[in-house]
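Student: I have a model open and would like to talk it through. Can we start with burial?

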Amino acid sequence: MNAAISAGDTAWVLTATALVMVMTVGLAFFYGGLVRPKNALNTMMMSVVALGLISVQWVLFGYSIAFGHGSPLWGGLAWLGFRGVGVDPDPAYAATIPLQAHAMFQLMFAIITPALISGAIVERMRFRAYVVFLLLWATFIYDPLAHWVWGAGGWLQKLGALDFAGGTVVHISAGVSALVAARMLGARRDFKRTAIVPHNVPLVLLGAGLLWFGWFGFNAGSALAANGLAALAFTNTNTAAAMALVTWACLDLVRTGKITAVGAATGLVVGLVGITPAAGYITAPASLAVGALAALVSYTAIQIRATTRLDDSLDVFSCHGLAGAAGAMLTGVFATKLANPAGGDGWLAGNFAQMGVQLVAVLATVALAALGTAVILTIVKATVGIKADVRAQLRGLDLSEHGEEAYFGEQGAIAGPGTALGESVVVSAVATEPLGAPATG
Amino acid sequence: MKLITTIVRPDRLAEVKAALFRAGVTGITLTRVSGHGGEQEIVEQYRGTTVVMEFHEKVKIEMACSEPFVQPCIDAILSSARTGEVGDGKIFVQPIERVIRIRTGEVDNAALTAVNADAVQREALKHVQHAGAGAGAGEEES
């Protein structure tokens, strides 16, 4: 055992890793509750499949591309198959935890980021196309981008861009890619034809709660140590989420006269997105401002989006792209070495130049994510086929893509489960004679 | 013989059922229905989506009654389902040509007389007196 390894730091990072893993499950519930019942499983599977696929990709080559000691643009292939990724610390990332702890912690980020995109393309994308997209996006967009910002020698890191836990890498990249994907895929068949409303708001609240819970690992874990910085990030994370929830509720109240549950869930998530890049660099009062402003930006964007023909179904661009960009820029405003001596100073601390650096990081992320997604989707479209046909969409992707239902007997049956009419006829059980059925020729 | 079909508010169902049982009408069929009448539409907001619910949830109750029970049945529904607001529902009365009880083959009025009519009424009254407008005896399953 290496003497430099800290038991406390390692324990916290491994715990945080598990917390971030739960976020992807939370995201599945969050998105799953927002779609219609006939697409609930398909939507949830888009998150769940990432847990499997990206974990495999990460061990085989993902971690190497993202965090290997390569060039400023990518990490290289030296760590293929986790060769050289051992239990000793790598001082380039964290001097007191095993490199494998860092690798697993970062894996959870790599899983949830592409899963975030799925909210923009629900209820209409072929599942096989999504899986191919997921793998290509993680490999050619997420991994290099993570290297730019966090990898040893990454060019945005050298530039001094402040991104504590992934405002650019995770949220702007996912949000922008979601916008491109929604546009290239086209709208759902029912979009603007019939009312499409969340089928299970309690699931949405469950998912939002799990996201908030897991985000403590996401942000406070990004300190990569059990120290004051982790506590600062923890405090800012909770404060911004709470402020965004309150802000969203007030905006709801002013606009419609009622505070909504979907609004509260959305608001808190947007606050968490906004604070992500800033969590370890700003003071608690500043996190109030970040939460409020992120909510304001996102709320406005959602109202505008709803008037357009763009079917970003679950508003991934508004919630992650724009709130992430707002968070990245506000980090440039509020960052101060008073909060984190190892961090940087922003505009209010007299360093206006930081705003320029933040802008470069945002624009570089937007460019890579937008172009990369467009290229990948063009390829997927030409090879595997991308959109479920009208009949499949009307039937629901749970049945057409997965051959199962979230609520058995609901689809196509005259009544729900628990009634005689809702029960299906067993068609393929072993050696069954149809009981009481009239003889037919 | 008349077929009485009534559409009422779901939240008045317990009272309507109790009143019908008190009036001696025990053979009823319930259906959950959606309908559009004069009621104001419910507006729901989900993020940027505004949904106007044009159809309201209602309960449809169908009963076949022999002539002496028709007016008491109507009175029972009127007294129990009315709130005075728009959306209380309707009662439709139609003639019935024939009624046949499947178990015995009895027809018409004989088929309409509940086997345990007296017992059910006594039980219903007892429950209503105990629990106010609570659920009566012989909970109906749809």
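Tutor: Of the 441 residues of chain A, 54% count as buried. A residue is buried if 20 or more other C-beta atoms lie within 10 Å of its own, exposed if 12 or fewer, and partly exposed in between, with C-beta atoms placed from the backbone. This is a predicted model, in which local features need pLDDT of at least 70 and side-chain atom pairs count only at pLDDT 80 or more, while totals for chains, interfaces and linings use all residues. Residues are numbered from 1 along each chain as its sequence is written, and chains are lettered from A and ligands numbered from 1 in the order in which they are written.

Student: And what share of chain B is buried?

Tutor: In chain B, buried residues make up 22% of the 142 residues.

Student: Back to chain A. How many helices and strands does it have?

Tutor: Chain A has 14 helices and 0 strands. Helices (H or I, at least four residues) and strands (E, at least two) are DSSP runs, numbered from the N terminus.

Student: How far does helix α8 of chain A reach?

Tutor: Helix α8 (residues 228–256) of chain A has 29 residues and reaches 42 Å from first C-alpha to last, close to the 42 Å expected at 1.5 Å a residue. The expected span is 1.5 Å times one less than the number of residues. Just after α8(A), A:G257 takes a positive phi of about 85°.

Student: Now chain B. What pattern does it follow along the sequence?

Tutor: Chain B reads β-α-β-β-β-β-α-β-α-α, with 4 helices and 6 strands.

Student: In what order do the strands of the open sheet come?

Tutor: The 4 strands run in the order β2-β5-β1-β6 (chain B), with antiparallel pairing. Two strands pair if DSSP finds at least two bridges between them. The edge strands are β2 (29–35) and β6 of chain B, each pairing on one side only. The twist averages 25° from one strand to the next; axes are lines fitted to C-alpha atoms, for helices over the stretch in contact, and angles run from 0 to 180 degrees between N-to-C directions.

Student: How many bridges join β1 to β6 in chain B?

Tutor: Strand β1 (residues 2–8) of chain B is joined to β6(B) by 6 bridges. B:K2 has B:P95 as its bridge partner in β6(B). β2(B) and strand β5 (residues 56–65) of chain B pair over 7 bridges, and B:R32 has B:V59 as its partner in β5(B).

Student: Is β6 of chain B buried or in the open?

Tutor: Of the 6 residues of strand β6 (residues 90–95) of chain B, the number buried is 0, so the strand lies largely in the open.

Student: Which strands does helix α2 of chain B lie across?

Tutor: Helix α2 (residues 67–81) of chain B lies across β1, β5 and β6 of chain B, at about 5° to β1(B).

Student: Last topic: how many residues does each chain give to the contact?

Tutor: Chain B gives 6 residues and chain A gives 14 residues. Two residues are in contact if their C-beta atoms, placed from the backbone, lie within 7 Å. On the side of chain B, β3 (42–46) and β4 (49–53) are the elements that give two or more residues.
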